[in-house]
Amino acid sequence: MSDRHMSQHFETRAIHAGNTADPLTGAVVPPIYQVSTYKQDGVGGLRGGYEYSRSANPTRTALEENLAALEGGRRGLAFASGLAAEDCLLRTLLAPGDHVVIPNDAYGGTFRLFAKVVSRWGVEWSVANTSDPAAVRDAITPRTKAVWVETPSNPLLGITDIAALAQVARDAGAKLVVDNTFATPYLQQPLSLGADVVVHSLTKYMGGHSDVVGGALIVNDAGLGDELAYHQNAMGAVAGPFDSWLVLRGTKTLAVRMDRHSANAVKVADMLSRHARVTRVLYPGLPEHPGHEIAAKQMKAFGGMVSFQVEGGEEAAVEVCNRAKVFTLGESLGGVESLIEHPGRMTHASAAGSALEVPADLVRLSVGIENVDDLLEDLQQALG
């Protein structure tokens with residue numbers, strides 16, 4: 001984060017960090033540099049450090065500067081997807097024989113990356129309840145190089161005490177990686193709490209409009225940032241210029257959108273907690289949530305994701321998803337429109353039969369920014 005933005009409030013940084021007016025025309029929005037290569041002023045004479053857009057692109061640079069500023073980090077890196085970002089991070093941090101502690105609740109694609117891809121490379125992993133620092137400490141081995149956390153987690157909305165786990169990881173000589181996709185930097189900033197790396201699926205709240213796929217890594221350690229940048233270039237799964245431009249547009253309104261997502265989700269969670277057909281509501285904003293106090297301490301608000309379980313089991317949960325009308329049945333999350341899904345059959349099917357398998361009667365909501373009365377009415381009719 002540049003000194004110029006250090007004293008600015010989040011909403012101001014979101015609009016101005018990385019968004020320098022075009023020096024040629026004065027355009028207030030950075031151009032989409034849809035270009036693969038750049039004219040050099042003599043051999044090795046690069047203009048602004050640009051030679052080939054896999055290595056660097058001005059539109060992607062603008063986004064990466066914006067991401068670093070929003071997370072309070074020194075270096076941001078943008079990728080073609082969240083999983084591309086995770087893959088780059090794992091191949092930078094790990095070598096065959098290393099070990100990672102992963103959470104007992106996580107995005108199905110992340111679990112698949114560990115279980116089906118990274119493990120074939122000779123990296124071992126074990127599962128721990130990251131809401132319990134003692135359980136994570138017990139899972140760490142002498143070969144542990146990273147502790148992986150989602151908070152809030154996907155899809156069970158578990159909460160991890162980031163500062164406590166940062167100390168656990170530090171004591172073991174391991175890196176703490178925090179997937180901040182659900183919270184976003186507006187609600188939570190893991191680097192300030194001791195995390196080493198922040199991961200984002202930019203596809204979700206950061207983009208915010210269900211029209212782009214992207215991922216990001218943000219770090220404070222300059223050396224680690226350089227290592228990640230080397231692997232980003234060597235492996236090549238970078239964010240394209242148009243995708244970077246779309247996410248950069250999205251971050252400008254992140255604060256106002258997250259305020260509305262969070263406000264709507266509180267009301268949805270409250271209604272669900274009083275519904276006769278709902279057996280359990282998972283939302284850290286509810287006082288009865290086991291992670292409520294920690295979430296209140298490390299988050300500005302509780303976000304727009306709500307999960308709940310229904311009486312009648314799996315078929316009943318699937319029927320609720322199918323009956324929704326304002327809530328769109330679909331995977332992903334974090335767009336302005338509300339989404340509903342059945343994690344066991346959709347986003348988390350890859351975790352079936354594992355320690356990360358999700359309850360069959362679970363429904364996950366991404367609560368959008370529509371009028372909340374319409375959302376409540378839709379869920380009531382879907383529940384019957």
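Predicted model: local features only at pLDDT ≥ 70, side-chain atom pairs only at ≥ 80, totals over all residues.
Next I looked up which residues of α7 are buried. Within this helix, residues 162-171, I found I162, L165, A166, V168 and A169. I then looked down the axis of α7: the buried residues fall within an arc of 160°, so they line one face of the helix.

At its start, D161 brings a side-chain oxygen to within 3.3 Å of the backbone nitrogen of A163. Just after the helix, I noted that G173 has a positive phi of about 75°.

Then I turned to the sheet. I traced five strands in the order β8-β9-β12-β11-β10, and they make an open sheet with mixed pairing. Its edge strands are β8 (278-282) and β10 (328-329), each of which pairs on one side only.

How do β8 and β9 run relative to each other, parallel or antiparallel? I found them antiparallel, with four bridges joining β8 to β9 (residues 305-310). For a handy landmark on this pair, I picked V278, which stands opposite V310 in β9.

Last, I asked myself which strands helix α13 lies across. This helix, residues 313-323, lies across β9, β10, β11 (339-341) and β12 (362-366). I noted its direction as well: α13 runs at about 135° to β9.

Key
Residues numbered from 1 in each chain as written. Heavy atoms only, no water. Pairing = 2+ DSSP bridges. Helix = DSSP H or I, 4+ residues; strand = E, 2+ residues; numbered from the N terminus. Contact = heavy atoms within 4.5 Å. Axes fitted to C-alpha atoms, helices over the stretch in contact; angles between N-to-C directions. Buried < 20%, exposed > 50% of the residue type's maximum accessible area, 1.4 Å probe, protein only. Arc of directions from axis to C-beta. Polar contact = N/O pair within 3.5 Å; in protein donor to acceptor, adjacent residues only side chain to side chain.
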